[in-house]
Amino acid sequence: MLVNTIILFASSFLLIPSPSHALIPYLQRPYLKAQLRKACDRKEEAEIFRLAGELQTVNPTTDIIKDFDRLDGDWKLDFTTAPAGEVPDEGATGVKTYQTIDAAGGLIYNVIDRGLPEQGLRIEIGAEPTRKDRVALDFRTIEALSETFPKRFVFRFPPRKLVRAAFVAGNVLFGGGEPWDERKFKEIGHFDVLFLDEDLRIQRNSEGNLFINSRI
């Protein structure tokens with residue numbers, strides 16, 4: 001009887017996950033995040049890539065479909081590999097770049113502040129999570145503000161329904177009869193969430209550019 005009790009106790013103990021294993025990511029994240037922010041300030045690209053890769057392995061957001069609301073709020077840009085012509089370097093130009101995300105409405109607003117409200121760009125993008133680590137993007141409008149004429153200009157992208165119809169027609173005519181893939185169509189523009197917690201976001205877009213953002 002005593003032997004059976006000891007065996008049962010030992011078996012139960014072995015089935016309990018080690019608390020140290022669960023604590024490792026929790027303890028690693030603050031250190032890695034602090035080091036990443038220092039590397040961003042110093043523009044140390046190799047170190048940024050290394051730390052971003054390490055943070056990806058301890059990402060607390062494993063399903064962005066379920067936790068899409070974690071993206072909600074205002075975010076400033078700390079670092080990107082995107083060309084300066086697309087995303088101005090604040091350190092070199094003084095131009096601020098930030099995002100406002102309305103998760104409930106499925107909208108992202110990319111803002112390039114050249115002296116708003118007089119000068120700048122505001123880009124409205126539809127956002128929809130399509131995989132556990134991916135958010136599909138639907139570019140809708142670009143609002144340009146300037147001190148010269150025209151002071152306000154709005155460019156509207158073709159509606160998604162119209163673009164879909166063109167792609168479907170092309171698929172029928174030239175796709176060899178392959179079935180239509182709606183998710184693949186939505187993901188023509190997208191970003192993959194590499195890391196997301198309460199105040200840091202790391203993502204890679206469909207063009208392969210890395211973005212590191214901090215919550216404002």
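Let's call two residues in contact when they have heavy atoms within 4.5 Å of each other. With that in hand, take Asp138: setting aside neighbours within four places in sequence, it is in contact with Glu124, Ile125, Gly126 and Arg160. Asp138 sits in strand S5 (residues 134–145), where strands (E, at least two residues) and helices (H or I, at least four) are DSSP runs numbered from the N terminus. Its relative accessibility is 17%, so Asp138 counts as buried; buried means under 20% relative accessible area, exposed over 50%, and partly exposed in between (1.4 Å probe, protein chains only).

A word on what you're looking at: this is a predicted model, with local features needing pLDDT of at least 70 and side-chain atom pairs counted only at pLDDT 80 or more, while totals for chains, interfaces and linings use all residues. Residues are numbered from 1 along each chain as its sequence is written, and side-chain values use heavy atoms, leaving out hydrogens and water.

Stepping back, the protein has six helices and nine strands. Of its 216 residues, 35% are buried. Among contacts between residues at least 6 apart in sequence, 49% join residues at least 24 apart.

Now for the charges. Side chains of opposite charge can pair when their charged atoms come close. Here a salt bridge is a side-chain nitrogen of Lys or Arg within 4 Å of a carboxyl oxygen of Asp or Glu, and by this rule the count comes to 17 salt bridges. One of them joins Arg134 to Asp192, with the closest N and O atoms 2.6 Å apart. Arg134 is in strand S5 and Asp192 in strand S7, so the pair ties together parts 58 residues apart in sequence. Both Arg134 and Asp192 are buried.

Arg37 and Asp199 form another salt bridge, their closest N and O atoms being 3.9 Å apart. This pair links distant parts of the chain, 162 residues apart: Arg37 is in helix H2 (residues 19–42), Asp199 in the loop between strand S7 (190–196) and strand S8 (200–205). Arg37 is partly exposed at 29% relative accessibility, and Asp199 is partly exposed at 26%. Through shared partners, salt bridges join Lys33, Arg37, Asp197, Glu198 and Asp199 into one network.

Back in strand S1 (residues 73–80) you'll find Asp74, partly exposed at 35% relative accessibility. And helix H5 (residues 160–174) holds Phe174, which is exposed, with a relative accessible area of 73%.
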